[in-house]
Structure formats: structure tokens, C-alpha cells
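The exercises below are meant to be worked with the sequence and the model side by side. Try each task before reading its solution.

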Amino acid sequence: MGIQSPNRHQGTKPPRTFGLSIAILASVVLFSVLPMLQVLIVNVVQARFNNVDLAMGADGEAGIPLIGGARIEGVSNAGLTIQIALGIAYLPLAFLAWRGRPRQIRFVIVAMVVGLTILTLLVAILMPGIAPNAVQGIDSSGDLQRQLLITRTLVSIGIALYVVWYMNRAPARAFYRGSYLTARE
């Protein structure tokens, strides 16, 4: 009968748990993949609008165009640039969090997720206050845009709460520390 160690995990590195993997991947999808897809979609739609030329005349000849392209209003190039920059900046942080090194990356990820969620909340609060301009035209996409913004805000809050909660659980702390705590610690 041998003497057993008070900590059976002594000397082994804790694994990245499934919950931690979900937290990191969900935050990557929300803060990197989704913003980059939105920018891509805006650019593709804008390019398609710019190439539309529906001229109709009598007997198939060229006439006055019914539509000569369009612009997506309310989307600034500066806003798209910031969105891409934040999405790209989040990727290396998420990679480091996935690896578990350096130890402080846990705090950096939590701070970044909370900061980006607050930014999403600010956008959600400020966007509905921007009234449409008569020159821009009035369309029915305003309601859809508000609903999508509310949905994204709620999803952001949910993911942020999950990331903050899971990153502060004992398995995540052990993973980033690189060792289990002993009975004396």
C-alpha cells in the first residue's frame, strides 16, 4: 500500500475544457467572423448596385434607365474600417486564448469581450436615433435593421456573460495557470 499524493493531478497540465472552447469560438464568431461577413456583404451588394443598368425603351432600344445603381445609406467607410480592424485585432488574442499562453490572456479576452459588447450596446442605443433624410428616401429596411441590431445586441450580451462566467471558473483558471492548485494553495 503506497502513500497517495494529496493531488492526483500533480505535474499534469490541465486541458482546455469543452466549455472554454465554446466560449472562445463563440466570441470569435461574434466579434471577428460576423463583422467581416457584414463588411463583405455590404461591399458585394454595393458593387452589385453599382453595376445595375436597366434601360428600357421602345422596341428594345436604349431608353431612360429605370435604375442606375444605388447606395447603401447609413454605412460609412470609416465604420466599416473600424469594424474590420476590431475583427482582425481580436483574432490573434483569441488564438493566444486558445493556446492558453500567456497567463494574462484570460484577462485580456474578458476585457476585450466586455469592451466590444459595450460598443455594440452604444451602437444599438445611438442607431435608432438617426432619423432618415428625405433626400435619401424612406424604405422599409429601417424596421429590419432595428430588429437585427436588437438581436445582435442580445446575442452579444449573452456571449459576453458566458465568456466572463466561464473564464472565471476553476477549470479555465487552471488551464491558463498551467497547473492545478494543490491543497496548500
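Helices (H or I, at least four residues) and strands (E, at least two) are taken here as DSSP runs, numbered from the N terminus. The model is a predicted one, in which local features need pLDDT of at least 70 and side-chain atom pairs count only at pLDDT 80 or more, while totals for chains, interfaces and linings use all residues. Residues are numbered from 1 along each chain as its sequence is written, and side-chain values use heavy atoms, with hydrogens and water left out.

**Exercise 1.** Determine which pattern of elements the protein chain follows along the sequence.

Solution. Begin with the count: the protein chain has five helices and zero strands. Reading along the sequence then gives the pattern α-α-α-α-α.

**Exercise 2.** Work out what share of contacts in the protein chain, between residues at least 6 apart in sequence, joins residues at least 24 apart.

Solution. A contact means heavy atoms within 4.5 Å. Of the contacts between residues at least 6 apart in sequence, 75% join residues at least 24 apart.

**Exercise 3.** Decide whether threonine 120 is buried or exposed, and find which residues it touches.

Solution. Next, apply the cut-offs: buried means under 20% relative accessible area, exposed over 50%, and partly exposed in between, with a 1.4 Å probe and protein chains only. Threonine 120 has a relative accessible area of 11% and is therefore buried. Finally, leaving aside residues up to four places away in sequence, threonine 120 touches Arg152, Thr153 and Ser156; the C-alpha atoms of threonine 120 and threonine 153 are separated by 6.2 Å, although these residues are 33 apart along the chain.

**Exercise 4.** Classify valine 114 by its relative accessibility.

Solution. Valine 114, which also lies in helix α3, has 33% relative accessibility, so valine 114 counts as partly exposed.
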